[in-house]
Amino acid sequence: MFKFVKASAILLAGLLFTGAAVAQTKVAVVNIQAAIMSTEKATSKINALKTSSEYSQLQNSAESIRAEVQKMAEDAQKNGMTWSDEQKAEQQRKMNFKRSDFETTLKKLRAMEGQAVQDLQKDLLPKAKTALEEVIKERKLDLVLDATSAVYAGANANLTEELVKRLNAAK
């Protein structure tokens, strides 16, 4: 009798492990933000922004200001030893103003870029979610994780490229 119970327990345990192996969870990862920014539409919008006159003017202005600050710093290094304390203070004040102008110009550039990205997200995020849901159903996935938080994901487990292809096809 004891052998029968022992054999039954072993058989039951084997069936449980077999069931667990058969019912493996299908897991994948996706980076929705990267997929959106990799689409043809995003590339086109970012290129249009970077070639716009306003963006180009700001970029040229930032480069010009940076060059001025660098020239002022070189001048101060070269001639600073002969300057009076007032001249040094005046030079430092001018450099601080120029640096402030440079930072303001960079903030404007980043704001323009941020607005473009935000517009893309607003437009493409619903489409990306719909496309991702289709992929999940087609592949019969049980769990989809954010790729940026995954330690490792094989090429077949990453849905980002497939999502980009679907978004480009959807237009």
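**Salt bridges, helix faces and a surface patch**

Biologist: Which side chain meets Arg 139 in a salt bridge?
Modeller: Glu 162 does, with an N to O distance of 2.6 Å. That pair links distant parts of the chain, since Glu 162 is in helix 6 and Arg 139 is in helix 5, 23 residues apart. Note that this is a predicted model.

Biologist: Which residues are joined into one network with them?
Modeller: Salt bridges that share partners join Glu 134, Glu 138, Arg 139, Glu 162 and Arg 166 into one network.

Biologist: What does Arg 166 pair with?
Modeller: The side chain of Arg 166 meets that of Glu 138 in a salt bridge, 2.4 Å from N to O. This pair also links distant parts of the chain: Arg 166 sits in helix 6 and Glu 138 in helix 5, 28 residues apart.

Biologist: Why does Arg 166 count as partly exposed?
Modeller: Because its relative accessibility is 22%, and the partly exposed class lies between the buried limit of under 20% and the exposed limit of over 50%. Arg 139 also counts as partly exposed, because its relative accessibility is 31%.

Biologist: How many salt bridges in the whole structure?
Modeller: A search of the whole structure gives 11.

Biologist: How far apart are Glu 90 and Arg 93 along helix 5?
Modeller: They are 3 residues apart, about one turn of the helix. An α-helix has 3.6 residues a turn, so residues three or four places apart point the same way. Glu 90 counts as partly exposed at 31% relative accessibility, and Arg 93 does too at 39%.

Biologist: Back to helix 6. Which of its residues are buried?
Modeller: Thr 160, Leu 163, Val 164, Leu 167 and Asn 168. They cover an arc of only 135 degrees around the axis, so they are on the same side of helix 6.

Biologist: And what is exposed on the other side of helix 6?
Modeller: Glu 161, Lys 165, Ala 169 and Ala 170 are exposed there.

Biologist: What do the buried residues of helix 6 pack against?
Modeller: They pack against strand 1 (27–30), helix 2, helix 3 and helix 5.

Biologist: Helix 3, then. How many residues, and how far does it reach?
Modeller: Helix 3 covers residues 40–51, which is 12 residues, and reaches 16 Å from its first C-alpha to its last. That is close to the 16 Å expected at 1.5 Å a residue.

Biologist: Which residues of helix 3 are buried?
Modeller: Ala 42, Ile 46 and Leu 49. Seen down the axis of helix 3, they fall within an arc of 60 degrees, so they line one face of the helix.

Biologist: What covers the buried residues of helix 3?
Modeller: The cover includes helix 2 (32–37), helix 4 (53–79) and helix 5 (85–139).

Biologist: Where is Ala 157?
Modeller: In the loop between strand 2 and helix 6 (160–170). Ala 157 touches Val 27, Ala 28 and Val 29, not counting residues up to four places away in sequence. Ala 157 and Val 30 are 127 residues apart in sequence, with their C-alpha atoms 8.4 Å apart in space.

Biologist: Which residues form the nonpolar patch on the surface?
Modeller: Val 27, Leu 143 and Leu 145, with about 220 Å² of accessible area together. Leu 143 is in strand 2 (residues 143–146) and counts as partly exposed at 38% relative accessibility.

Biologist: Now the whole chain. In what order do the elements run?
Modeller: From the N terminus on, α-β-α-α-α-α-β-α, which comes to 6 helices and 2 strands.

Biologist: What share of the residues count as buried?
Modeller: 23% of the 171 residues. The accessible surface comes to about 12,300 Å², and 58% of that belongs to carbon and sulfur atoms.

Biologist: And what share of contacts join residues at least 24 apart?
Modeller: 84%, among contacts between residues at least 6 apart in sequence.

Methods:
Residues are numbered from 1 along each chain as its sequence is written. This is a predicted model: local features need pLDDT of at least 70, side-chain atom pairs count only at pLDDT 80 or more; totals for chains, interfaces and linings use all residues. Side-chain values use heavy atoms; hydrogens and water are left out. Patches are made of residues with over 30% relative accessible area and no salt bridge: like charges are joined within 9 Å, nonpolar side chains (Val, Leu, Ile, Met, Phe, Trp, Tyr) within 5 Å. Accessible areas come from the Shrake-Rupley method with a 1.4 Å probe; for residues, only the protein chains shown count as cover. A salt bridge is a side-chain nitrogen of Lys or Arg within 4 Å of a carboxyl oxygen of Asp or Glu. Helices (H or I, at least four residues) and strands (E, at least two) are DSSP runs, numbered from the N terminus. Buried means under 20% relative accessible area, exposed over 50%, partly exposed in between (1.4 Å probe, protein chains only). The expected span of a helix is 1.5 Å times one less than its number of residues. The arc is that of the directions from the helix axis to the C-beta atoms. Contact means heavy atoms within 4.5 Å.
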